Amino acid sequence: MSNEVFKVTSRQAGDAIVIAVQGYINNLAGEKILDEFNRWVVEGHRRFVLNLEKTQLVNSIGVSILIEMIEKAQELNGSIAFCCLLPIIAKTFKIMGLTQYARVYETEAEALAGE
Amino acid sequence: MSANALKRIELEIPVAHDKELEAAKVAEQLAGEMQFASECVDEIKLALIEGIINAFEHSGSQIPKVHVEFVVHDGEIEVVVQDFGQGFDPSAKPSVRPLQKRGYGRLLIESLMDEVNYITGPQGTRLVMKKRLSRCA
């Protein structure tokens, strides 16, 4: 697990930006996701889907950075949806209250269609 | 080793980036051997990670390490995180507000594990977490 390389990639899909994350989301990884999000925001994009299919764990510091992204998207009248969560990540988001502020979908296609 | 302990593993985790994952790997292996369901294995790992991060960040310890202990009992795993900091008041529950950015570690630990106790004092804090197989097989 500790040898996993964290990777974040993004692409445009219609009017949304899909940010795909691979690996453990801690403080540094969270900052990289936030940088990627900010890069697209500067270009005027407001609708985001975070695909966490290849993420096994998110610690509370990582989630706090995702909360920062949700807040920023809300301030800009945009949205962030999550998809493809392992049960532990879905449970973490629920405990921390993220699911009240961002929608969670089973698949990326549903997330892209849903917001 | 206590009378009903089947196995005990102790680790020293240095306070350094991502070192909590080394302990999580051991937790994964032990809980897997005990036939915990994979979802519960992940819950044990995350609770342990949060316990170690809390110790790294909040204990105020001058000793740059935490002690982690796994004790396998019949039908239960006990995971201990010991820091060497100043202790804290466990009766003061952290408040959680909507979209609050920090302070979720303890809430996560207490939500993910079946039993959580803090033995704390000026010499440090011993976080003792238990997960029962009967609720997780």
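Guide: Two strands pair if DSSP finds at least two bridges between them; strands are DSSP runs of E with at least two residues, helices are runs of H or I with at least four, and both are numbered from the N terminus. This is a predicted model, in which local features need pLDDT of at least 70 and side-chain atom pairs count only at pLDDT 80 or more, while totals for chains, interfaces and linings use all residues. Residues are numbered from 1 along each chain as its sequence is written, and chains are lettered from A and ligands numbered from 1 in the order in which they are written.

Visitor: How many bridges join strand β2 to strand β3 of chain B?

Guide: Strands of a sheet pair through backbone hydrogen bonds, either parallel or antiparallel. In chain B, β2 (residues 65-73) and β3 (residues 76-82) run antiparallel and are joined by seven bridges, and H67(B) has Q82(B) as its bridge partner in β3(B).

Visitor: In what order do the five strands of the chain B sheet stand?

Guide: The open sheet of chain B has the order β1-β2-β3-β5-β4, with antiparallel pairing. Its edges are β1 (5-14) and β4 (115-121) of chain B, each with a single partner strand, so one side of each lacks a neighbour in the sheet. On average, neighbouring strands are turned by 15 degrees against each other, direction ignored.

Visitor: Which strands does helix α2 of chain B touch?

Guide: Contact requires C-beta atoms, placed from the backbone, within 7 Å, and axes are lines fitted to C-alpha atoms, for helices over the stretch in contact, with angles from 0 to 180 degrees between N-to-C directions. Helix α2 (residues 38-58) of chain B packs on the sheet and touches β1, β2, β3 and β5 (124-132) of chain B, its direction making about 15 degrees with that of β3(B).

Visitor: How many residues of chain A are in contact with chain B?

Guide: There are 21 residues of chain A in contact with 22 residues of chain B. On the chain A side, α2 (60-75) and α3 (87-95) of chain A each supply at least two residues, and the largest share, seven residues, comes from α2(A).

Key:
Contact = placed C-beta atoms within 7 Å.
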